Amino acid sequence: MTTETNTAFEGFKDAFKNIQNLEVPEAAREFVKKTANTAKDRAAEVFAGSERVTAAVENAVTESVTEAGKISRNIQQAIYEDAEAFFSGIDKLASAKSFSEAVEIQSSLLRARGEAFVSRAKATTDYLGNLAANGAKSAQDNFAKVYTKTA
């Protein structure tokens, strides 16, 4: 049985011996080198693209946090101003010597608060319009940074 096994594998042994001495053609070696270099270049491009995406995301998040902080501060300022106006109004009403004077003071206070409301509404509309325009411009700029290559 060992002689038959050895004979059966003789062909394989000879083939493996010959493979060790087999010469790889120059064209095949060049193809492998070019493919490896192309893959290396593509990997570098993917890495650079991912860096641009990360930078764009960081930029967008930073701008969002900054705007959220501005909005929060503006809301806090408005609440403070409203409280200040309310207590000032109470003080003025307390100084009224007659009912008609109190009505006049109250009307004046309501007019002033209405004007403040309209002013804030206009400022908010302007702010949101600018924010939307700047956000669209920022998104467009970030998109352009990320996709610098065309297909």
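The following conversation concerns the predicted model shown above.

User: How many helices and strands are in the protein?
Analyst: The predicted model contains 3 helices and 0 strands. In sequence order the pattern reads α-α-α.

User: What share of the residues is buried?
Analyst: Of the 151 residues in the protein, 7% are buried.

User: And what does the accessible surface come to?
Analyst: The total is about 12500 Å², and carbon and sulfur atoms account for 63% of that surface.

User: Turning to contacts, what percentage joins residues 24 or more positions apart?
Analyst: Among contacts with a separation of 6 or more, 65% involve residues 24 or more positions apart.

User: Where is Glu 67 found?
Analyst: Glu 67 lies in helix α2, which spans residues 26–94.

User: Is Glu 67 buried or exposed?
Analyst: Glu 67 is classed as buried because its relative accessible area is 18%, and the cut-off for buried is under 20%.

User: Which residues is Glu 67 in contact with, leaving aside neighbours within four places in sequence?
Analyst: With those neighbours set aside, Glu 67 contacts Tyr 127 and Leu 131.

User: Are Phe 86 and Phe 87 buried or exposed?
Analyst: Phe 86 and Phe 87 are both exposed.

Methods:
Residues are numbered from 1 along each chain as its sequence is written. This is a predicted model: local features need pLDDT of at least 70, side-chain atom pairs count only at pLDDT 80 or more; totals for chains, interfaces and linings use all residues. Side-chain values use heavy atoms; hydrogens and water are left out. Helices (H or I, at least four residues) and strands (E, at least two) are DSSP runs, numbered from the N terminus. Buried means under 20% relative accessible area, exposed over 50%, partly exposed in between (1.4 Å probe, protein chains only). Contact means heavy atoms within 4.5 Å. Accessible areas come from the Shrake-Rupley method with a 1.4 Å probe; for residues, only the protein chains shown count as cover.
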